[in-house]
Amino acid sequence: MKLSQRELEKIVKKCKRRDRLSQRKIYELFYVKMMSVCYRYARDEDEAKDILQDGFIKVFEKIDNYSFEGSFEGWMRRIIVNTAIDTYRKRKRELSQNEELYKNTYKEFNEYDDTDYNPYESISIKDVVGAMQLLSPAYRAVFNLYIMEGMTHKEIAASLEISEGTSKSNLAKAKANVKKMLSEKLNKSYE
């Protein structure tokens, strides 16, 4: 259901008054889009749902701060992404222990020139998201923040409480790992 800006503003104003039906309407309107954001950061569907639930709770707790300047969806998305980052931080100890397991697991693959045949052209978005889900949590978080959210390495470093160098390294390794997984998928499809 597509709403006009005016209709959305009315619903948001009711949400500011803690109207449950309006909160439900916001949840239903944005569930699919925000779930896709959460899924990119989560280990699995259950964790994505947990992040989404926590994110919507924060949206409704902070809705009084929304000033109707800029996109409501963009404002909400930032809260959802920050909730995913908070989830990442909570798992940080676990990540640092598991990080060693993922280090140097895959080798870098050669890049393809524009003039070369690029086997990745046949890969679907579903394949890419599936490969992203298999990344270590640290690699997946940096990959999502840099590629999907457009954050700089400096912003990522501050958000995840890591160094810029670690952010750059994790991004490079994440790209290499995704490329490796997609290459393996392609090779299996040709067998």
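Helices (H or I, at least four residues) and strands (E, at least two) are DSSP runs, numbered from the N terminus. With that in hand, welcome to this protein. The model is a predicted one, where local features need pLDDT of at least 70 and side-chain atom pairs count only at pLDDT 80 or more, while totals for chains, interfaces and linings use all residues. Residues are numbered from 1 along each chain as its sequence is written, and side-chain values use heavy atoms, with hydrogens and water left out.

## The overall picture

The protein has nine helices and zero strands. Read from the N terminus on, its elements run α-α-α-α-α-α-α-α-α. Of its 191 residues, 40% are buried. Here buried means under 20% relative accessible area, exposed means over 50%, and partly exposed is in between, with a 1.4 Å probe and protein chains only.

## Some residues to look up

| Residue | Relative accessible area | Class |
|---|---|---|
| Isoleucine 26 | 0% | buried |
| Phenylalanine 56 | 2% | buried |
| Phenylalanine 143 | 8% | buried |
| Glutamate 161 | 52% | exposed |
| Arginine 17 | 61% | exposed |

Start with arginine 17, which lies in the loop between α1 (5–16) and α2. Its C-alpha is 8.9 Å from that of aspartate 64, although the two are 47 residues apart in sequence. Isoleucine 26 belongs to helix α2 (residues 20–41). Between the C-alpha atoms of isoleucine 26 and cysteine 15 there are 8.5 Å, with eleven residues separating the two in sequence.

Phenylalanine 56 is part of helix α3. Phenylalanine 143 is in helix α7. From its C-alpha to that of isoleucine 156 is 9.9 Å, for residues 13 apart along the chain.

## How helices cross

Two packed helices are described by the angle between their axes and the distance between the axes. Axes are lines fitted to C-alpha atoms, for helices over the stretch in contact, and angles run from 0 to 180 degrees between N-to-C directions.

Take helix α3 (residues 45–62) and helix α4 (residues 72–90): their axes come within 9 Å and cross at roughly 130°. The two helices are therefore oblique to each other; angles under 35 degrees count as roughly parallel, over 145 as roughly antiparallel, 65 to 115 as roughly perpendicular and the rest as oblique. The α3 and α4 crossing is right-handed. A crossing is called left-handed if the near helix is turned anticlockwise from the far one by less than a right angle, and right-handed if clockwise.

Helix α4 also meets helix α7 (residues 137–148), where the axes come within 11 Å and cross at roughly 160°. That makes α4 roughly antiparallel to α7. The crossing of this pair, α4 and α7, is left-handed.

## Aromatic rings and a charge

Rings of Phe, Tyr and Trp (its six-membered ring) pair if their centres lie within 6.5 Å; planes under 30 degrees apart count as stacked, over 60 as edge-to-face and the rest as tilted. Eight aromatic pairs are found by this rule. Ring pairs join Phe30, Tyr66, Phe68, Phe72 and Trp75 into a cluster.

One member of that cluster, phenylalanine 68, sits in the loop between α3 and α4. With a relative accessible area of 25%, phenylalanine 68 is partly exposed. The charged end of lysine 13 sits over its ring, 5.7 Å from the centre; this term asks for NZ of Lys or CZ of Arg within 6 Å of the ring centre and within 35 degrees of the ring normal.

Most residues other than glycine have a negative phi, and most peptide bonds are trans. Phenylalanine 68, which is not a glycine, has a positive phi of about 65°.

## Helix α8 and what follows

In helix α8 (residues 153–160), the buried residues are His153, Ile156, Ala157, Ser159 and Leu160. Viewed down the axis of α8, these buried residues fall within an arc of 165°, so they line one face of the helix; the arc is that of the directions from the helix axis to the C-beta atoms. The face turned away from the buried side of α8 carries the exposed residues Lys154 and Ala158.

After α8 comes glutamate 161, with a positive phi near 60°. Glutamate 161 lies in the loop between α8 and α9 (164–190).
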